[in-house]
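User: I would like to learn how to read a few features of a protein model. Could you take me through them slowly?

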Amino acid sequence: MSKNIKKSILISIIVVLIIIAIISTFFIIKYFQNKSKINTVLDIYSNENVQERIDNESTTSEANLTDNLMLKIDGETVLGVIDIDRIQYQGLIYEGTSLSTLAKGVGHFTNSPYLYGNVCLAAHNTNKFWAKLHTLQNGDKITYTSFLGTKQYEVDKISTIYETDWSNLANTDENVLTLITCIKGQKDKRLCVRAKEI
């Protein structure tokens, strides 16, 4: 093998290693930035801080109160954090379910409650978000931390629904968490996970 070929191979290997290092560094930085945002929200929205933050608000309007209590991150209103043990998912919950919002994280259906009743959330079925949601089983624990407090839930119902079935988003007297994501290969179906407060 000539010196030129060896030199070309060596340069190619070095270039590939540099590219891998740059890409890896980018993802590591993104991971730690995201983790930092989650920790900030958890610190501010912790149960110890919630009542103090509510008491410090001078407004009497519930709409203004909630707007003033929720953080803004990356131009989005942050409702809280969801932690799903089994699939080792922890992520920010943003207000709304627009495509731009769901590209950033979990979205909260705006017509559902924030803490009491049926809190409804959605996320994409990708490795970044809820690709493993289908592996949940009855009894699995979910922690939901919002700007109004923290609740623990236990999965009690997993079902497949049609994309046009909005009945699972109806409010309830009991405190439940409803998680909805797409099902790969079935555009007209959704996975619906229901969890009850424990």
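User: Is Ser 112 buried or exposed?

Analyst: This is a predicted model, in which local features need pLDDT of at least 70, side-chain atom pairs count only at pLDDT 80 or more, and totals for chains, interfaces and linings use all residues. Residues are numbered from 1 along each chain as its sequence is written, and side-chain values use heavy atoms, with hydrogens and water left out. Buried means under 20% relative accessible area, exposed over 50%, and partly exposed in between (1.4 Å probe, protein chains only). Ser 112 has a relative accessible area of 6%, so Ser 112 is buried.

User: Which side chain does Ser 112 join in a polar contact?

Analyst: A polar contact is a pair of N or O atoms within 3.5 Å; within protein, one must be able to donate a hydrogen and the other to accept it, and residues adjacent in sequence count only if both atoms are side-chain atoms. Here the side chain of Ser 112 joins that of His 108 at 3.0 Å, and a polar atom of the Ser 112 side chain also lies 2.9 Å from the backbone oxygen of Phe 109.

User: How many salt bridges does the whole structure have?

Analyst: A salt bridge is a side-chain nitrogen of Lys or Arg within 4 Å of a carboxyl oxygen of Asp or Glu. A search of the whole structure finds seven. One of them pairs Asp 140 with Arg 86, whose closest N and O atoms are 2.5 Å apart. Asp 140 is buried at 11% relative accessibility, whereas Arg 86, at 41%, is partly exposed.
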